[in-house]
Amino acid sequence: MSVDFLAFGRFVIDRSARRLYIDGTQAAVSSPGLRLLLALLDRPGNLVPKEELMARVWGSAAVTENALQVQIAALRKLVGDQFILTTRGVGYRFTGRVQVLPQLDSARSGYSTATEAGADALRPAGHRQESTAPAGLVGRATELRDLLELLTSARIITLTGPGGVGKSSLARALAEAAGAAFPDGAWFVELAAAHDEDSIIAAVNAALNIEGGFDAPPLAYLLARLQPMRALLVLDNCEHVLPAAARLADAFSAGGGDLAIVATSQEKLSCRGERVVSVAPLLIADPDTHCIGSARRSPAFQLLCGRIRALDANFMMDDRQACIAARICQNLDGLPLALEIAAGWASLIGLEALEAKLATTPIIWSRSPGRAAAGRRDLAATLEWSHGLLSQAEQLVFRRISAFAHAFPLRAAEAVVCDAAVPEDNVFAHLASLVQKSMVAFIPNTQPPAYRLLETTRAFALEKLRRAAEEDTVRSRHAQDLLRSLIVAEREWDAIGGAEWLQRYAGLIGEVRGALGWAIGCGRDTEMGIAIAGLSWPLWHELSLRVEGAQWLSAAIREILPSTPPALEAQLRQGHGVMYLDSKPPLSKAEFEIAAALWRRIGDDRHLHA
């Protein structure tokens with residue numbers, strides 16, 4: 001059957017089947033999001049008024065402009081900011097070149113035109129998803145296949161196992177492999193920073209680009225948004241918020257609809273309908289009782305050696321070294337996180353020296369019957385062992401960069417890390433060494449180049465920072481550097497188009513949350529918190545996070561004192577007014593009037609006439 005296809009860049013839309021493909025593989029996109037994209041594609045290059053878009057997407061249903069902004073943000077995240085431009089207050093424009101194709105040759109293009117939803121539907125032709133694990137996932141093909149089958153009948157699946165065993169990696173692979181079975185998307189929600197039910201709800205909202213309601217209870221509003229969705233929700237790292245995560249999983253499951261939940265935790269959630277799957281360490285053959293060929297084929301061995309080769313292209317291995325590698329895998333119990341860290345060391349000092357290090361400074365593995373306690377000790381022991389091998393300067397850099405919530409460039413690291421103990425010129429070398437040792441991740445294809453700590457590693461580094469009594473000092477430097485970036489961002493907001501501005505500054509939102517949590521939430525520097533909150537409002541606005549932004553700015557307003565500098569209060573009042581512009585016009589007007597009076601008092605014409 002011939003159908004019409006719309007193509008732009010790496011993307012193709014099957015108008016008949018209402019599906020979006022990226023490089024030949026079906027992408028997870030919500031039904032409203034796809035209708036919105038089609039409405040923009042039907043008039044490429046033209047400004048489409050927001051009222052027309054809302055009518056195309058939701059018909060006569062009563063929705064606010066906020067719903068349109070949420071869907072625009074989700075589309076930009078999926079296809080890229082460069083394709084959708086904003087004319088503030090008017091509408092949106094699709095800027096890419098659109099091709100209309102009467103048909104696609106499946107054999108040539110790699111697209112499958114299957115119509116049945118499921119784990120195999122709409123994969124590239126000739127490929128069955130469950131037969132192989134995604135690239136980078138070693139030794140988990142059987143588990144992945146079993147989980148895909150279990151997802152056809154189970155509403156809640158919890159992956160349990162010790163820390164560092166690879167639960168999160170397996171859950172990500174499952175979300176990727178099962179995506180086609182869930183037309184409204186497979187969404188990964190990181191809960192490492194969550195501490196209660198409200199913060200879990202906020203994390204789910206952020207992951208799904210859902211803007212909460214100003215007046216509705218957060219959980220009720222989220223459940224109403226999730227109810228019509230056929231989606232997969234992955235809740236990662238639940239063990240420290242277990243009761244709250246269990247209550248929410250119960251609520252999500254009982255809310256109706258076709259929502260499936262996969263949780264990762266060191267112990268089960270204990271909620272209704274839960275299916276628990278224990279994730280075991282990777283297998284390793286004993287080189288003393290099996291031939292070395294069997295050891296080479298074992299998953300733990302392949303992970304260790306594969307990671308070493310990724311770090312050292314000249315890495316070679318004979319049978320003697322293979323025996324050493326197999327013994328290292330046994331020593332580390334096949335725990336993937338431990339193997340990743342060991343690979344970083346092996347690429348620097350070699351397998352023999354690494355084995356000697358393990359013999360003289362061993363990782364003490366706990367094997368107590370309690371899985372959760374053992375998992376925490378296993379993970380801590382792995383990180384503690386590797387941390388102990390770092391130089392004092394590397395340890396200092398490692399703990400100080402834990403102030404960053406997400407990715408950070410070298411310039412920001414220098415601003416936060418440097419003092420008399422670590423000169424600015426040395427920071428790059430220390431970061432490079434930490435990357436080689438698998439303690440810090442380097443993020444490729446970013447401009448400028450960026451680094452990040454994995455969440456589990458960051459929690460460990462933060463604890464080191466607190467024990468060194470450096471947390472307030474380092475977080476203060478982080479806040480000061482963030483403030484400088486926000487000042488520049490605020491000045492550029494009116495001068496730069498929405499897409500370009502977001503591309504430059506959207507990544508700051510995680511740092512804003514972290515800085516406000518320390519400055520205002522913990523009461524460590526309320527004046528700094530007021531300054532950051534007041535300059536952060538363009539981010540909350542452009543990212544369609546006005547409810548969360550309003551909460552932070554309201555908290556900052558409660559900290560205003562008679563001694564607060566007028567410029568800081570004016571900026572905060574103006575941003576607070578923007579947050580409530582649509583939902584509470586009287587409050588918004590009052591805040592604008594206070595801000596204008598303050599700008600007049602200090603003679604700030606730029607802000608007064610903005």
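## Contacts and overall make-up

Take contacts in the protein between residues at least 6 apart in sequence: 68% of them join residues at least 24 apart. Contact here means heavy atoms within 4.5 Å. This is a predicted model, where local features need pLDDT of at least 70 and side-chain atom pairs count only at pLDDT 80 or more, while totals for chains, interfaces and linings use all residues. Residues are numbered from 1 along each chain as its sequence is written, and side-chain values use heavy atoms, with hydrogens and water left out.

The protein has 27 helices and 16 strands, taken as DSSP runs (H or I of at least four residues for helices, E of at least two for strands) and numbered from the N terminus. Of its 610 residues, 52% count as buried, i.e. under 20% relative accessible area, with exposed being over 50% and partly exposed in between (1.4 Å probe, protein chains only).

## Two nonpolar cores

A nonpolar core is a set of buried Ala, Val, Leu, Ile, Met, Phe, Trp, Tyr and Cys residues joined through side-chain atoms within 4.5 Å. The largest one holds 83 residues, and Leu151, Leu232, Leu304, Leu351 and Ile401 touch the most other members.

Zoom in on Leu304: setting aside neighbours within four places in sequence, Leu304 is in contact with Ala325, Ile328, Cys329, Leu339, Ala342 and Ala343. There's also a second, separate core of 38 residues, which includes Trp518, Ala531, Leu535 and Leu572.

## Around Ile557

Leu572 turns up again among the contacts of Ile557, along with Arg573, His576 and Glu591, once neighbours within four places in sequence are left aside. Ile557 lies in helix H24 (residues 546–557) and is buried, at 16% relative accessible area. Ile557 and Ile530 are 27 residues apart in sequence, yet their C-alpha atoms are 7.3 Å apart in space.

## Where H17 meets H20

The axes of helix H17 (residues 410–417) and helix H20 (residues 471–492) come within 8 Å and cross at roughly 140°. Axes are lines fitted to C-alpha atoms, for helices over the stretch in contact, with angles running from 0 to 180 degrees between N-to-C directions. That makes H17 oblique to H20; under 35 degrees would be roughly parallel, over 145 roughly antiparallel and 65 to 115 roughly perpendicular, with oblique covering the rest.

On the H17 side, Arg411, Ala412, Ala415, Val416 and Val417 make the contact, and on the H20 side Val474, Arg477, His478, Asp481, Arg484 and Ser485.
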